[in-house]
Amino acid sequence: MQQQTNNDQEKAVLESRKKLSMTNVETVDGFNEQSLRLTVAGNKVTVNGQNIKITAFNKSTGNLTADGIFSEIKYNSKKTPFIKRIFK
């Protein structure tokens with residue numbers, strides 16, 4: 001298995017909607033059986049589903065795995081403030 005050295009790229013792999021693997025996870029901001037809130041490569045990510053359990057998280061490598069029944073992975077992009085968009 002080859003290890004990725006580029007920390008700017010994140011990877012999310014969902015297997016049969018039951019197993020989630022993610023890389024470049026900086027923090028787990030919150031979780032319960034219905035959702036995970038993560039910071040991945042500086043962006044906020046929300047994962048929704050049922051019976052979600054984090055099976056492994058290594059903060060030093062940024063690898064996270066979770067089991068459950070997943071229905072949604074939502075990346076909340078950083079928006080440029082309205083004033084900055086007007087006055088470029």
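Predicted model: local features only at pLDDT ≥ 70, side-chain atom pairs only at ≥ 80, totals over all residues.
Reader: Why is Leu14 called partly exposed?
Author: Buried means under 20% relative accessible area and exposed means over 50%, with partly exposed in between. Leu14 has 37% relative accessibility, so Leu14 counts as partly exposed. Leu14 is found in strand β1, residues 12–15.

Reader: What makes the nonpolar surface patch?
Author: Leu14, Ile73 and Tyr75 make the patch, which covers about 240 Å². Patch residues need over 30% relative accessible area, and Leu14 has 37%.

Reader: In what order do the six strands form the open sheet?
Author: The order is β1-β2-β6-β5-β4-β3, with antiparallel pairing. β1 and β3 (25–31) are the edge strands. From one strand to the next, the twist averages 40°.

Reader: What makes β1 and β3 edge strands?
Author: Each of them pairs on one side only.

Reader: How do you know that strands β2 and β6 pair?
Author: Pairing requires at least two bridges between the strands. Strand β2 (residues 19–22) and strand β6 (residues 63–76) have four bridges, in the antiparallel sense. Among the partners in β6 are Leu64 for Met22 and Ala66 for Leu20.

Reader: What joins strand β5 to β6?
Author: Strand β5 (residues 43–58) is joined to β6 by 12 bridges, and the two run antiparallel. The cut-off for pairing is at least two bridges. Lys44 has Asn76 in β6 as its bridge partner.

Reader: What lies between β5 and β6 in the hairpin?
Author: Four residues lie between them, and Gly62 in the turn has a positive phi of about 80°.

How values were computed:
Residues numbered from 1 in each chain as written. Heavy atoms only, no water. Patch = residues over 30% accessible without salt bridge, like charges linked within 9 Å, V, L, I, M, F, W, Y side chains within 5 Å. Areas by Shrake-Rupley, 256 points an atom, 1.4 Å probe, with all protein chains shown as cover. Salt bridge = Lys/Arg side-chain N within 4 Å of Asp/Glu carboxyl O. Buried < 20%, exposed > 50% of the residue type's maximum accessible area, 1.4 Å probe, protein only. Axes fitted to C-alpha atoms, helices over the stretch in contact; angles between N-to-C directions.
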